[in-house]
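Thanks for asking me to look through this model with you. Please keep the sequence and the 3D view open side by side while you read.

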Amino acid sequence: MVDMKVNLCGITMENPVMAASGTFGYGYEFAELYDINILGSFSFKGTTLEPRFGNPTPRIAECEAGLINSIGLQNPGVDAVINKELPTLGKVFNKPVMANVGGSSVEDYGKVAGMMDGCENIGWIEVNVSCPNVHDGGMAFGTDPAVVQEVTETVKASTGKPVIIKLSPNVTDITAIARACERGGADGVSLVNTMLGMRIDLKTGKPIIANKMGGFSGSAIFPVALRMVYQVYEAVDMPIVGIGGISTAEQVIEMMMAGATAVQIGAANLVNPYVCRDIINDLPDVMAKYGISSLSEITGGAH
(Lines give C-alpha, C1' and ligand atoms only; values in the text may rest on other atoms or scores of the structure.)
Protein backbone atom coordinates (compact mmCIF):
# COMPACT_ATOMS: atom_id res chain seq x y z
CA MET A 1 0.00 0.00 0.00
CA VAL A 2 1.55 3.30 -1.07
CA ASP A 3 1.41 6.46 1.03
CA MET A 4 0.55 9.59 -0.95
CA LYS A 5 0.21 11.96 2.04
CA VAL A 6 2.34 15.10 2.20
CA ASN A 7 2.56 17.96 4.69
CA LEU A 8 2.49 21.47 3.27
CA CYS A 9 3.33 24.17 5.80
CA GLY A 10 1.81 22.21 8.67
CA ILE A 11 -1.31 21.05 6.84
CA THR A 12 -1.55 17.36 5.90
CA MET A 13 -2.83 16.63 2.39
CA GLU A 14 -4.05 13.22 1.25
CA ASN A 15 -1.97 13.62 -1.90
CA PRO A 16 0.26 16.36 -3.37
CA VAL A 17 -1.97 17.23 -6.33
CA MET A 18 -3.61 20.65 -6.40
CA ALA A 19 -5.28 22.62 -9.18
CA ALA A 20 -3.62 25.95 -9.95
CA SER A 21 -5.24 29.34 -9.53
CA GLY A 22 -7.11 30.64 -12.55
CA THR A 23 -7.68 27.17 -14.00
CA PHE A 24 -10.19 25.78 -11.49
CA GLY A 25 -12.51 28.71 -10.77
CA TYR A 26 -13.82 28.51 -7.22
CA GLY A 27 -13.99 24.73 -7.37
CA TYR A 28 -17.71 24.11 -7.37
CA GLU A 29 -17.84 24.36 -11.16
CA PHE A 30 -15.64 21.26 -11.39
CA ALA A 31 -17.66 19.56 -8.64
CA GLU A 32 -20.42 19.18 -11.24
CA LEU A 33 -18.07 16.84 -13.15
CA TYR A 34 -16.54 14.72 -10.36
CA ASP A 35 -16.01 14.61 -6.59
CA ILE A 36 -13.27 17.22 -6.15
CA ASN A 37 -12.53 15.93 -2.65
CA ILE A 38 -10.14 13.53 -4.36
CA LEU A 39 -7.77 16.52 -4.72
CA GLY A 40 -5.08 17.30 -2.19
CA SER A 41 -6.46 20.82 -2.47
CA PHE A 42 -6.63 23.63 -5.04
CA SER A 43 -5.81 27.31 -5.32
CA PHE A 44 -8.88 29.33 -6.21
CA LYS A 45 -9.13 32.18 -8.69
CA GLY A 46 -6.92 35.17 -7.93
CA THR A 47 -8.76 37.61 -5.66
CA THR A 48 -8.22 41.35 -5.26
CA LEU A 49 -9.56 43.97 -2.86
CA GLU A 50 -12.04 45.42 -5.36
CA PRO A 51 -13.89 43.66 -8.22
CA ARG A 52 -11.98 43.57 -11.50
CA PHE A 53 -13.46 43.19 -14.97
CA GLY A 54 -10.11 42.16 -16.39
CA ASN A 55 -8.34 42.93 -19.65
CA PRO A 56 -9.98 43.61 -23.02
CA THR A 57 -10.66 40.70 -25.37
CA PRO A 58 -9.26 38.66 -27.07
CA ARG A 59 -7.59 37.26 -23.97
CA ILE A 60 -6.53 33.81 -25.17
CA ALA A 61 -4.10 32.68 -27.88
CA GLU A 62 -3.48 28.99 -28.56
CA CYS A 63 0.00 27.55 -29.08
CA GLU A 64 1.31 24.18 -30.22
CA ALA A 65 2.35 23.16 -26.68
CA GLY A 66 0.36 25.47 -24.44
CA LEU A 67 -1.61 28.70 -24.44
CA ILE A 68 -1.22 32.39 -23.75
CA ASN A 69 -3.71 34.20 -21.56
CA SER A 70 -4.17 37.79 -20.47
CA ILE A 71 -7.26 37.60 -18.27
CA GLY A 72 -6.24 40.49 -16.04
CA LEU A 73 -7.28 38.99 -12.70
CA GLN A 74 -10.99 39.21 -13.42
CA ASN A 75 -12.75 38.47 -10.12
CA PRO A 76 -15.70 39.69 -8.03
CA GLY A 77 -13.55 41.14 -5.23
CA VAL A 78 -12.72 39.80 -1.78
CA ASP A 79 -16.09 40.65 -0.17
CA ALA A 80 -17.98 38.58 -2.74
CA VAL A 81 -15.49 35.73 -2.44
CA ILE A 82 -15.87 35.59 1.34
CA ASN A 83 -19.65 36.02 1.41
CA LYS A 84 -20.65 33.99 -1.67
CA GLU A 85 -17.93 31.91 -3.30
CA LEU A 86 -16.45 30.28 -0.21
CA PRO A 87 -19.80 29.29 1.37
CA THR A 88 -20.81 27.75 -1.98
CA LEU A 89 -17.51 25.89 -2.17
CA GLY A 90 -18.00 24.63 1.38
CA LYS A 91 -21.03 22.65 0.24
CA VAL A 92 -18.92 20.48 -2.11
CA PHE A 93 -15.35 20.56 -0.75
CA ASN A 94 -14.46 19.52 2.80
CA LYS A 95 -10.72 20.24 2.84
CA PRO A 96 -8.64 23.38 3.37
CA VAL A 97 -8.40 25.42 0.17
CA MET A 98 -5.61 27.77 -0.95
CA ALA A 99 -6.57 31.43 -1.40
CA ASN A 100 -4.68 33.20 -4.18
CA VAL A 101 -4.47 36.95 -3.57
CA GLY A 102 -3.31 39.86 -5.71
CA GLY A 103 -3.02 43.60 -5.37
CA SER A 104 -1.98 46.84 -7.01
CA SER A 105 -0.18 48.06 -3.88
CA VAL A 106 1.56 46.48 -0.92
CA GLU A 107 -1.29 47.64 1.30
CA ASP A 108 -3.83 45.86 -0.92
CA TYR A 109 -2.12 42.52 -0.36
CA GLY A 110 -2.23 42.96 3.39
CA LYS A 111 -5.89 43.99 3.41
CA VAL A 112 -7.05 41.04 1.29
CA ALA A 113 -5.02 38.54 3.32
CA GLY A 114 -6.32 40.02 6.55
CA MET A 115 -9.94 39.78 5.41
CA MET A 116 -9.45 36.12 4.49
CA ASP A 117 -7.77 35.29 7.78
CA GLY A 118 -11.09 34.50 9.44
CA CYS A 119 -12.31 32.10 6.74
CA GLU A 120 -12.30 28.60 8.19
CA ASN A 121 -12.06 26.74 4.88
CA ILE A 122 -8.94 28.66 3.78
CA GLY A 123 -5.80 26.74 4.71
CA TRP A 124 -3.06 28.76 2.99
CA ILE A 125 -2.65 32.24 1.52
CA GLU A 126 -0.90 32.15 -1.87
CA VAL A 127 0.42 35.57 -2.84
CA ASN A 128 0.63 36.39 -6.55
CA VAL A 129 3.56 38.81 -6.86
CA SER A 130 3.28 38.85 -10.67
CA CYS A 131 0.71 41.65 -10.36
CA PRO A 132 1.68 45.11 -11.72
CA ASN A 133 2.73 47.59 -9.03
CA VAL A 134 0.83 50.85 -9.61
CA HIS A 135 3.42 52.73 -7.53
CA ASP A 136 6.33 51.50 -9.64
CA GLY A 137 5.22 52.26 -13.18
CA GLY A 138 3.45 48.92 -13.62
CA MET A 139 6.52 46.74 -13.01
CA ALA A 140 5.54 43.44 -11.40
CA PHE A 141 6.06 43.19 -7.64
CA GLY A 142 7.87 39.90 -8.10
CA THR A 143 10.80 41.24 -10.10
CA ASP A 144 12.37 43.21 -7.22
CA PRO A 145 13.65 41.26 -4.17
CA ALA A 146 13.20 44.24 -1.84
CA VAL A 147 9.57 44.68 -2.86
CA VAL A 148 8.91 40.93 -2.61
CA GLN A 149 10.26 40.98 0.92
CA GLU A 150 8.04 43.95 1.79
CA VAL A 151 4.93 42.26 0.39
CA THR A 152 5.79 39.06 2.27
CA GLU A 153 6.25 40.89 5.56
CA THR A 154 2.99 42.79 5.08
CA VAL A 155 0.96 39.67 4.36
CA LYS A 156 2.57 37.75 7.22
CA ALA A 157 1.60 40.56 9.59
CA SER A 158 -2.00 40.38 8.33
CA THR A 159 -2.74 36.68 8.75
CA GLY A 160 -1.94 33.72 10.95
CA LYS A 161 -2.38 31.30 8.05
CA PRO A 162 0.65 29.87 6.21
CA VAL A 163 1.82 32.32 3.53
CA ILE A 164 3.12 30.94 0.23
CA ILE A 165 4.58 33.42 -2.28
CA LYS A 166 3.96 32.54 -5.94
CA LEU A 167 7.05 33.44 -7.95
CA SER A 168 7.29 34.74 -11.49
CA PRO A 169 9.76 33.05 -13.86
CA ASN A 170 10.23 36.36 -15.70
CA VAL A 171 13.31 37.30 -13.70
CA THR A 172 17.07 36.96 -14.13
CA ASP A 173 17.64 34.97 -10.92
CA ILE A 174 14.64 33.30 -9.30
CA THR A 175 16.73 32.20 -6.30
CA ALA A 176 17.26 35.86 -5.34
CA ILE A 177 13.49 36.32 -5.23
CA ALA A 178 13.03 33.12 -3.22
CA ARG A 179 15.61 34.26 -0.67
CA ALA A 180 13.74 37.56 -0.33
CA CYS A 181 10.58 35.60 0.48
CA GLU A 182 12.50 33.67 3.13
CA ARG A 183 13.85 36.88 4.68
CA GLY A 184 10.30 38.25 4.74
CA GLY A 185 9.08 35.26 6.76
CA ALA A 186 7.26 33.28 4.06
CA ASP A 187 6.18 29.78 5.02
CA GLY A 188 6.73 28.50 1.48
CA VAL A 189 6.94 29.41 -2.19
CA SER A 190 5.07 28.22 -5.28
CA LEU A 191 6.65 28.35 -8.71
CA VAL A 192 6.42 29.09 -11.49
CA ASN A 193 3.74 31.48 -12.58
CA THR A 194 3.30 31.91 -16.34
CA MET A 195 6.10 33.01 -18.63
CA LEU A 196 5.66 36.01 -20.92
CA GLY A 197 4.69 35.21 -24.51
CA MET A 198 2.76 36.39 -27.55
CA ARG A 199 1.33 35.29 -30.89
CA ILE A 200 0.67 37.30 -34.08
CA ASP A 201 -2.31 36.84 -36.39
CA LEU A 202 -0.85 36.53 -39.89
CA LYS A 203 -4.09 37.74 -41.49
CA THR A 204 -4.13 41.04 -39.62
CA GLY A 205 -0.43 41.36 -38.89
CA LYS A 206 -1.32 42.26 -35.29
CA PRO A 207 -0.87 40.50 -31.94
CA ILE A 208 -3.74 38.08 -31.29
CA ILE A 209 -4.19 39.17 -27.68
CA ALA A 210 -5.59 42.67 -27.17
CA ASN A 211 -3.01 43.26 -24.45
CA LYS A 212 -0.30 42.20 -26.97
CA MET A 213 1.47 39.87 -24.54
CA GLY A 214 0.24 37.42 -21.93
CA GLY A 215 1.12 34.54 -19.67
CA PHE A 216 2.43 31.46 -21.50
CA SER A 217 1.65 28.14 -19.82
CA GLY A 218 1.30 24.49 -20.76
CA SER A 219 3.49 21.47 -21.41
CA ALA A 220 6.21 23.51 -23.16
CA ILE A 221 7.27 25.22 -19.92
CA PHE A 222 7.70 22.05 -17.82
CA PRO A 223 11.51 21.79 -18.23
CA VAL A 224 11.95 25.46 -17.32
CA ALA A 225 9.69 25.16 -14.27
CA LEU A 226 11.47 21.97 -13.18
CA ARG A 227 14.86 23.69 -13.43
CA MET A 228 13.68 26.64 -11.34
CA VAL A 229 12.18 24.39 -8.64
CA TYR A 230 15.49 22.52 -8.51
CA GLN A 231 17.41 25.80 -8.10
CA VAL A 232 15.09 27.22 -5.44
CA TYR A 233 15.22 23.98 -3.43
CA GLU A 234 18.96 24.47 -3.07
CA ALA A 235 18.64 28.17 -2.26
CA VAL A 236 16.05 28.22 0.56
CA ASP A 237 14.85 26.04 3.42
CA MET A 238 11.07 26.03 3.05
CA PRO A 239 8.43 23.99 1.21
CA ILE A 240 7.95 24.44 -2.53
CA VAL A 241 4.81 23.96 -4.59
CA GLY A 242 5.93 23.04 -8.11
CA ILE A 243 3.92 24.48 -11.00
CA GLY A 244 4.37 24.53 -14.76
CA GLY A 245 3.35 22.19 -17.54
CA ILE A 246 2.49 19.18 -15.37
CA SER A 247 -0.05 16.81 -16.93
CA THR A 248 0.96 13.27 -15.83
CA ALA A 249 1.66 11.34 -12.64
CA GLU A 250 5.24 10.80 -13.83
CA GLN A 251 5.74 14.57 -14.03
CA VAL A 252 4.36 14.98 -10.51
CA ILE A 253 7.06 12.62 -9.23
CA GLU A 254 9.72 14.34 -11.33
CA MET A 255 8.75 17.74 -9.93
CA MET A 256 8.83 16.38 -6.37
CA MET A 257 12.28 14.87 -6.93
CA ALA A 258 13.41 18.33 -8.06
CA GLY A 259 12.30 19.73 -4.72
CA ALA A 260 8.52 20.19 -4.59
CA THR A 261 6.47 19.12 -1.57
CA ALA A 262 3.26 19.48 -3.58
CA VAL A 263 2.36 20.41 -7.15
CA GLN A 264 -0.27 22.41 -8.97
CA ILE A 265 -1.86 21.48 -12.29
CA GLY A 266 -2.72 24.51 -14.41
CA ALA A 267 -3.24 24.68 -18.17
CA ALA A 268 -3.94 20.94 -18.39
CA ASN A 269 -7.26 21.56 -16.58
CA LEU A 270 -8.38 23.69 -19.52
CA VAL A 271 -7.65 20.85 -21.96
CA ASN A 272 -9.00 17.98 -19.84
CA PRO A 273 -11.15 18.98 -16.84
CA TYR A 274 -10.63 15.51 -15.35
CA VAL A 275 -6.82 15.65 -15.45
CA CYS A 276 -6.26 16.19 -11.70
CA ARG A 277 -8.53 13.26 -10.86
CA ASP A 278 -6.81 11.06 -13.44
CA ILE A 279 -3.32 11.94 -12.20
CA ILE A 280 -4.26 11.10 -8.61
CA ASN A 281 -5.74 7.77 -9.72
CA ASP A 282 -2.56 7.01 -11.70
CA LEU A 283 -0.11 7.88 -8.93
CA PRO A 284 -0.20 4.56 -6.99
CA ASP A 285 0.72 2.52 -10.08
CA VAL A 286 3.46 4.94 -11.08
CA MET A 287 4.83 4.92 -7.53
CA ALA A 288 4.88 1.12 -7.56
CA LYS A 289 6.63 1.11 -10.94
CA TYR A 290 9.51 3.16 -9.54
CA GLY A 291 9.62 1.51 -6.14
CA ILE A 292 8.27 4.53 -4.24
CA SER A 293 6.37 3.66 -1.09
CA SER A 294 5.91 7.18 0.31
CA LEU A 295 5.67 10.42 -1.68
CA SER A 296 6.72 12.55 1.27
CA GLU A 297 10.13 10.87 1.18
CA ILE A 298 11.03 11.74 -2.44
CA THR A 299 11.02 15.55 -2.20
CA GLY A 300 14.44 16.76 -3.30
CA GLY A 301 15.56 13.24 -4.12
CA ALA A 302 17.33 14.39 -7.30
CA HIS A 303 19.79 16.54 -5.32
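1. **Ground rules.** This is a predicted model, in which local features need pLDDT of at least 70, side-chain atom pairs count only at pLDDT 80 or more, and totals for chains, interfaces and linings use all residues. Residues are numbered from 1 along each chain as its sequence is written, and side-chain values use heavy atoms, with hydrogens and water left out. Helices (H or I, at least four residues) and strands (E, at least two) are DSSP runs, numbered from the N terminus.

2. **The eight-stranded sheet.** Start with the open sheet of eight strands, whose order is β4-β3-β16-β15-β10-β9-β8-β7, with parallel pairing. Two strands pair if DSSP finds at least two bridges between them. β4 and β7 stand at the edges with a single partner strand each, so one side of each has no neighbour in the sheet. Further in, β9 and β10 pair in the parallel sense over three bridges, and I165 has V189 in β10 as its bridge partner.

3. **Helices on that sheet.** Helix α6 (residues 222-235) packs on the sheet, where it touches β10 and β15 (240-243), and its direction makes about 165° with that of β15. Axes here are lines fitted to C-alpha atoms, for helices over the stretch in contact, and angles run from 0 to 180 degrees between N-to-C directions. Contact means heavy atoms within 4.5 Å. Another helix, α3, lies across β7 and β8 and runs at about 170° to β8.

4. Leaving aside neighbours within four places in sequence, A99 is in contact with F44, M116, I122, W124, I125 and E126. A99 and I122 are 23 residues apart along the chain, and their C-alpha atoms are separated by 6.3 Å.

5. **Helix α4.** At 1.5 Å a residue, the 14 residues of α4 (residues 145-158) should span 20 Å, and the end C-alpha atoms are 20 Å apart, which agrees. The expected span is 1.5 Å times one less than the number of residues. At the start of α4, a side-chain oxygen of D144 comes to within 2.9 Å of the backbone nitrogen of A146. For a polar contact, a pair of N or O atoms must lie within 3.5 Å; within protein, one must be able to donate a hydrogen and the other to accept it, and residues adjacent in sequence count only if both atoms are side-chain atoms.

6. **The two faces of α4.** Which residues of α4 are buried? They are V147, V148, V151, T152 and V155. These cover an arc of only 140° around the axis, which puts them on the same side of α4; the arc is that of the directions from the helix axis to the C-beta atoms. An α-helix has 3.6 residues a turn, so residues three or four places apart point the same way. The buried residues of α4 pack against α3 (106-116), β8 (122-128), β9 (163-166) and α5 (174-183). The face turned away from the buried side carries the exposed residues A146 and A157.

7. **The four-stranded sheet.** A separate entry in my notes is an open sheet of four strands in the order β5-β6-β14-β11, with antiparallel pairing. β5 and β11 (195-197) stand at the edges with a single partner strand each, so one side of each is left without a neighbour in the sheet. Neighbouring strands of this sheet are turned by 35° against each other on average, direction ignored. β11 pairs with β14 (residues 214-217) in the antiparallel sense over three bridges, and L196 stands opposite G215 in β14.

8. **Backbone spots to look at.** Most residues other than glycine have a negative phi, and most peptide bonds are trans. The T57 to P58 peptide bond is cis, with omega near 0°, and P58 is in the loop between β4 (41-42) and β5. C9 has a positive phi of about 55° although it is not a glycine.

Methods
Buried < 20%, exposed > 50% of the residue type's maximum accessible area, 1.4 Å probe, protein only.
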